[in-house]
Amino acid sequence: MDQNSLTSRVVKALKSWEGFLLLVLVLLFIANSIISPFFFTFNNQINLFQLSIEKVIVAVIMTLIIINGEIDLSVASIMGFSACLFGWLFQSGVPAGGAVAIVLVAGALLGAFNAFWIAWVGIPSLVVTLATMIAFRGFARVLVEDRGITGFPEWFDTLGQAPLLGPIPLAILLFGFLVVLFYVILQRTTFGRQVYFIGSNRDVAEYSGINVRRVKATIFILSGLISAVAGMLFAARLGAVRGDAALGFELDIITIVLLGGVSIFGGKGTMVGTLLAILIVLNLRNGMALSNITGHIQTGVLGILLILSVMVPTIQGWIAKLTTPWV
């Protein structure tokens, strides 16, 4: 391969949003390794995932939701409600295994509740999930009031705290499985193509014979189910539940997905982009923590990232203009 061909390929890769994110990630790795000699240690890499694992698990299904042209603001409230429901059931004498099963069903039902109003009644998902975000959080606080619930069985706490495969805990393994699963669904299945098609133009999708309601309902039910799983993993990791569990997580989750190049208008985005955005956000947080930057400043940086993520199409245009003369 000659030099011009190689340069052309590199420039073409950088023109893609995923290529740009990969470049940013490499620069972050370099900067963080300079900031701290502990950055590249295996324990630190596991730890940076572990501290935000519930968010990134939900970001995987949020990718499908936004590609489909919708939004789910209730995911963090479903996480909090699921954690509180588990704690309340356990405290009421329900065996932990039975409580887990009940919570999973409840999470799917909450997702189905969102799906009914969005897919069948036709109310915009922004309105529906904003309302249920408030309602589900209220249900969580009713269950536990202002107290914390602890004392879960050792096996349950182990799910969120102890390594399962070598040094890797269950939550990280589950995240990896979901990334691969939904990558295959989006890129290799008819359902995935329908998700993109509906997000691009719902009316045309309906005229083409796609069952739009079924696709949307499936995604929102999965969102409720996966959020419930994430909520229980959050409870297991902390060993306790409170009414404010996972409060505000939805903003971090949406920031990650939009930063990954998923269009807020639907029809565009990839699981690879979301994965790269997850790595960027986690490493950015980790680097700031290693530099002793306070949590408030970290939150402000993520707010700036949210603004930039909405500007993804504009930034892509700038990159294309800057690189075109060199092709």
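In this predicted model, phenylalanine 49 touches Ile172, Phe175, Ile278, Leu279 and Leu282, with residues up to four places away in sequence not counted. Apart from the core of 70 residues described next lies another core, of 25 residues. Leu85, Phe86, Ala106 and Val241 are among the members of that other core.

The largest nonpolar core holds 70 residues. Within this core, Phe49, Ile53, Met62, Phe175, Phe182 and Ile278 touch the most other members. Helix H4, residues 53-67, supplies the largest share of the core. Its contribution is twelve residues.

One cavity of 30 Å³ or more is present in the structure. The volume of the largest cavity is about 40 Å³. Its lining consists of Ser52, Lys55, Asp252, Ile256, Val281, Leu282 and Arg285. Two elements give two or more residues each to this lining: helix H13 (249-259) and helix H14 (271-290). H14 gives the most, with three residues.

Arginine 237 sits in helix H12, which spans residues 212-238. Its relative accessibility is 16%, so arginine 237 counts as buried, the cut-off being under 20%. Beyond its neighbours within four places in sequence, arginine 237 is in contact with Gln50, Leu51, Glu54, Gly160 and Gln161. With one of these, glutamate 54, the contact is polar: the two side chains meet at 2.9 Å. Glycine 160 is another partner. In sequence, arginine 237 and glycine 160 are 77 residues apart. In space, their C-alpha atoms are 4.0 Å apart.

Asparagine 32 belongs to helix H2, residues 17-35. Asparagine 32 counts as buried because its relative accessibility is 3%, and the cut-off is under 20%. Leaving aside neighbours within four places in sequence, asparagine 32 is in contact with Phe39, Asn283 and Gly287.

Key: Residues numbered from 1 in each chain as written. Predicted model: local features only at pLDDT ≥ 70, side-chain atom pairs only at ≥ 80, totals over all residues. Heavy atoms only, no water. 1 Å grid on protein atoms, 1.4 Å probe; cavity = no way out; pocket = protein on both sides within 12 Å on 5 of 7 lines; lining within 4 Å. Points joined across faces, edges and corners; volume = space filled by probe spheres on them. Helix = DSSP H or I, 4+ residues; strand = E, 2+ residues; numbered from the N terminus. Buried < 20%, exposed > 50% of the residue type's maximum accessible area, 1.4 Å probe, protein only. Contact = heavy atoms within 4.5 Å. Polar contact = N/O pair within 3.5 Å; in protein donor to acceptor, adjacent residues only side chain to side chain. Core = buried A, V, L, I, M, F, W, Y, C linked by side-chain atoms within 4.5 Å.
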